[in-house]
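Let's take a walk through one part of a protein chain, a helix and some rings. Have a look at the picture, then read on.

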Amino acid sequence: MKVLLISANTERINLLTLPYGLALVAGAVRAAGYSVAMLDLRREVDPGAAIVRTVTEFQPNVIGISVRNVDDQCMERPRFLLADVAPVVAACRAHSSAPVVLGGAGYSISPAAALAYLGADFGVRGEGEVVFPALVRRLEQGEDPAGLPGVYTAGRSSNAPRTFTPDLDALPPPAADLWPVADPGDADVWIPLQSRRGCPIECSYCSTPGLEGRAIRARSPRLVANEIARLAHGGFRRFYFVDNTFNLPTDYAVELCRRLTAERLDIGWRCILYPRDVPETLAEAMAAAGCMEVGLGFESGSA
C-alpha cells in the first residue's frame, strides 16, 4: 500500500508553518510498514499541477489531506479557508480512484460538516498517529474503517468517539521528509515541536481542549531535548514549541529547560505561556535554555 499525504495549507498569515502534524502521521504510517510520500502545497507555485504530478507519479492507494484552518481569524473580513481545500480534494478525485481521508486541526473542529462539504470518503478527528495507520490497514484488507475511534465515514450519521493516546513517547517521531524542505538559514523558519498535548484551561475562544482533550499528556523531557539536539546538530537554530501552555505543569517545563541547557546548544526558541503561573525560577530556566520570545495570552479583560 502506498499512502500520499498532502498538506493543504497555503497560508502565510503569521509565520511560515511546516506541516508538523502531518509529518507525525507520516512517521506512524511508515512505521506501520507502508510507503509514504508527502506533498506540502505551501511550497508549490502551482498547487494544482503539483497534485496532478504527484498523484500520477506515485499512484497512491490512499490519499490523506491535512486541513489546518477553517478560516483566517479576521473578524472584519473573514475568509473561509475550507473553500481552498475543496479544489485539492477535487484534483485528487479527478486523477486517482484512491479513497480520500481528511484530518488535521481544521477538519477536527467540525468533522461531520467538513467531511460533507469537502466530499471526501473518510475523516479522522483528532490524533492520527494510531488511528490513521489502522484505517489504512482496514482498507488494505478490504474492511470497513467505520468503528475506529474518531473515524467519520461519508453518508453515515453515527461515528465512533475518538480516543487520546496516553503515552506520547510510544509514538514514532516525525518523518524526516519534513526537515529537508526547511532552510536552516531562513530567519522566517522556526522548527515546530510539541512536548505536551491537552489543556485543562477552558478558555471560551480556544479550540485546543476540544482537539487535544483537557488532560495534559507530556513527552519525556529527555526525548524532547534529544530531538532538539539532533536537529541543532543538523544546522537548525530556531525552534517553536507549539504547546498551548508551555509553563503547565511548571515542574515539567523547568525540567525540560534544564535538559536543554545541559545539551549546550547554540539555539533560540519561542513558546506560548499562560500568564498566571510563571514563577521566577521558570523564567530563569527558560532564558538559560535559549528562550528568546514568548507569546502571552490575555484570557480575559479582568485586571
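What do the buried residues of helix 9 pack against? Their partners are strand 8 (196-197), strand 9 (217-218), helix 8 (221-233), strand 10 (238-241), strand 11 (268-273) and helix 10 (280-289), where contact means heavy atoms within 4.5 Å. Helices (H or I, at least four residues) and strands (E, at least two) are DSSP runs, numbered from the N terminus. This is a predicted model, where local features need pLDDT of at least 70, side-chain atom pairs count only at pLDDT 80 or more, and totals for chains, interfaces and linings use all residues. Residues are numbered from 1 along each chain as its sequence is written, and side-chain values use heavy atoms, with hydrogens and water left out.

So who's doing the packing? The buried residues of helix 9 are Tyr252, Ala253, Val254, Leu256, Cys257 and Leu260; buried means under 20% relative accessible area, exposed over 50%, partly exposed in between (1.4 Å probe, protein chains only).

Now for the rings. Searching the whole structure turns up four aromatic pairs (rings of Phe, Tyr and Trp, its six-membered ring, with centres within 6.5 Å; planes under 30 degrees apart are stacked, over 60 edge-to-face, the rest tilted). One of them joins Phe241 and Phe246: their centres are 5.1 Å apart and their planes at 55 degrees, so this pair is tilted. Phe241 and Trp269 have centres 5.2 Å apart and planes at 80 degrees, so they sit edge-to-face. Since Phe241 is in strand 10 and Trp269 in strand 11, that pair ties together parts 28 residues apart in sequence. Ring pairs link Phe241, Phe246 and Trp269 into a cluster.
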